[in-house]
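Open the model in your viewer and keep the sequence panel beside it. This tour tells you what to select at each stop.

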Amino acid sequence: MKLITVAGPPSSGKTSVILKTIEALGQPAGSVGVVKFDSLTSFDHQRYDEEQIPNQTAFAGKICPDHFFVSNVEGAVEWGLKKGLSVLVTESAGLCNRCSPYVNGILSVCVIDNLSGINTPRKIGPMLKYADIVVVTKGDIVSQAEREVFAFNIREVNASATVLFVNGITGQGAVMLARHWQDAPEIQTLRDRKLRFTMPAAICSYCTGETRIGEIYQMGMVRRVEFDDV
Amino acid sequence: MKPIDYVAEVSSVPLGEILRRYPLVADYLANIRLNGVDETRTLPEVLEDIDEDMLEEFGLDREEVIYHLSAFLAAFSPVKSSVDEISSITILGGRDKVGRPEMVELTVTPGEVVSIVGPTGSGKSRLLEDIECLAQRDTPTARQILINGSVPDVNKRFTSGGKLVAQLSQNMNFVVDLTVQEFLEMHAKSRMISDSAPVVEKCFAVANALAGEKFTPGTKVTQLSGGQSRSLMIADTALLSSSPIILIDELENAGLDRREAIKLLIGNEKIVFISTHDPLLALRANKRIVIRNGGIAKVIETTAEEEQTLRKIEAIDSILLDIRNQIRGGGFVTKDSVPEFQER
Ligand SMILES: Nc1ncnc2c1ncn2[C@@H]1O[C@H](COP(=O)(O)OP(=O)(O)OP(=O)(O)O)[C@@H](O)[C@H]1O
Ligand SMILES: Nc1nc2c(ncn2[C@@H]2O[C@H](COP(=O)(O)OP(=O)(O)O)[C@@H](O)[C@H]2O)c(=O)[nH]1
Ligand SMILES: [Mg+2]
Ligand SMILES: [Mg+2]
Ligand SMILES: [Zn+2]
Ligand SMILES: [Zn+2]
């Protein structure tokens, strides 16, 4: 199974981009699934259900969704494997703009939108800096010049990332992203892989600098999702 | 140049001198809150006094800053990108909406304008999309796009992002809160044009010439009218965008001088595709692609007769324009406003 992590500020277009990219992947129905990590409420599952995409939603409650992501991504991977998925996509909305829910060796996608302001790329920290691919949405409503400057500001923060423009509504550009997803490595487990960057201070072992994935490394306030039995 | 090639320089040259050599480094330092440091010292010396916790917020430690800045310099080093050297683009036919094959192979070179015509919903915008993503038989139309006669290399397709292709459409607006002057300067800076004043000035003058109503450099871009915005976008795309291919989706009724706009784009050796319902734009192109039911039905070269007739159509258009101006100016339309012509 391939694992793709998609992060980005709320309403940047993550769900839209994921849906269009799954369509562009052209895999058999039901073989690409999504796990959504959110804080309080989420309506994304309705959109995934509509497209008959196997999905699970996990609510972080008081915990930063990105911290919550690390404590549960292993379970998500197990769910995906049991479900027989060929691609599992995780969607999480960083709320603090500081966390980067990216794991070494796992394709990491950051979604930001052109409307959020020309200097936004300079304000988003590790979530942008550590991404392999930066997807820019909502280019359909701003000028070419603003798109170019936005992309330039992204490159100033993350010079090595691939910057792609995807229209979350029409799906224009999703073909390119799908190509990158197809090249993502196959994995069996995430155990012992490391986060690309430590999460900022909060309340669990990952808050204190732990980067290894696995139950034995988790301490403090850890909530675990009950994934459906398959 | 590779990142490693900059490490020695970044480690040993005082910051002030680095900033003089690479002005963009000011942005880099500002992005990690290192602006306003002592510029007579080298970066490693400056970093000695910086709190590691602060750097960590940005996902860096002292050593990484050196390498990260080197990578930054490498990424922005002025290489002659191959993107600029486009001599042709070729569209190889795929299939229409019901799966019938398109029997076309169309090659377009810089300075050429191709219009795309067809009924609403026929697939004009779809063709523009195929060009934008350099389709390789992997879109619903199964078309393939070649650059300079061959399959574009994977890297260009993947990393160029919007670089190869610039897009303009009716729905696009300015959203940034800047004046026209500031806006053009910002764009020029991102193109790393060292002396931006002449091109900014030219861009402003050209945009104003295209627009029906004039505007000043101090006008906020968000306050420009539809026609003024379109004019500025076209001038900016022609003169300040690096992309050699321009895709235009419907620019009709925009209150700008369409003939001059097209001339400007051709003059700057761009390859232009323009989807349109406007006969003037369609005929001003060298060729036009006729789309029917999702497929390319025909490619027509504008004939000599059409070019002749275009003059007449332009005359009709300018009559309409005069009438529009008369009405706008609060005047009356008289019989003499329209010259005699044969009834059909
Ligand atoms: N060859 C094709 N195969 C499958 N679908 C196609 C094909 N060509 C076009 N389509 C689809 O048909 C729909 C309408 O096409 P499109 O939006 O490009 O029309 P248009 O000519 O731009 O219309 P308008 O003039 O109203 O802007 C789109 O969803 C497009 O993806
Ligand atoms: N105009 C435009 N709107 C978009 C685009 N991508 C997403 N949207 C809209 O932005 C809103 C938020 O998108 P969503 O995918 O739910 O964002 P998420 O919270 O990051 O998952 C929705 O109303 C989308 O329809 C785009 O490329 N262009
Ligand atoms: Mg979402
Ligand atoms: Mg259209
Ligand atoms: Zn967080
Ligand atoms: Zn934590």
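The stops below run through the ligand sites, then a few single residues.

Before you start: this is a predicted model, in which local features need pLDDT of at least 70 and side-chain atom pairs count only at pLDDT 80 or more, while totals for chains, interfaces and linings use all residues. Residues are numbered from 1 along each chain as its sequence is written, chains are lettered from A and ligands numbered from 1 in the order in which they are written, and side-chain values use heavy atoms, with hydrogens and water left out.

**Stop 1: ligand 2**

Helices here are DSSP runs of H or I with at least four residues, strands are runs of E with at least two, and both are numbered from the N terminus.

The side chain of A:S16 puts an N or O atom 2.6 Å from a ligand 2 oxygen. A polar backbone atom of A:G168 is 2.8 Å from an oxygen of ligand 2. A backbone N or O atom of A:G13 sits 3.0 Å from a ligand 2 oxygen. Taken alone, ligand 2 exposes 580 Å², and the protein buries 76% of that. Such areas come from the Shrake-Rupley method with a 1.4 Å probe; for residues, only the protein chains shown count as cover.

**Stop 2: the magnesium ion**

Select ligand 3. Which protein atoms are donors of the magnesium ion? They are A:T15 (OG1), A:D44 (OD) and A:E91 (OE), 2.0 to 2.2 Å away. Donors are N, O and S atoms within 2.8 Å of the metal (3.2 Å for Na, K and Ca); water is not among the atoms, so sites may look incomplete. A:T15 in helix 1 and A:D44 in helix 2 (residues 44-50) of chain A are 29 residues apart.

Are these two buried or exposed? A:T15 is buried at 5% relative accessible area, and A:D44 is buried at 11%. Buried means under 20%, exposed over 50%, partly exposed in between (1.4 Å probe, protein chains only).

**Stop 3: ligand 1**

Move to ligand 1. It has 16 residues around it, the closest being B:R95, B:G121, B:K124, B:S125 and B:R126. The side chain of B:S125 has an N or O atom 2.7 Å from a ligand 1 oxygen. The protein covers 70% of the 650 Å² of accessible area that ligand 1 has on its own.

**Stop 4: single residues**

Select B:E9, in helix 1 (residues 4-12) of chain B. Its side chain makes a polar contact with that of B:Y22 at 2.9 Å.

Finish at A:S11, in the loop between strand 1 (2-8) and helix 1 of chain A. Phi of A:S11 is near 65 degrees, a positive value in a residue other than glycine.

How values were computed. A polar contact is a pair of N or O atoms within 3.5 Å; within protein, one must be able to donate a hydrogen and the other to accept it, and residues adjacent in sequence count only if both atoms are side-chain atoms. A residue is near a molecule or strand if one of its heavy atoms lies within 4 Å of it.
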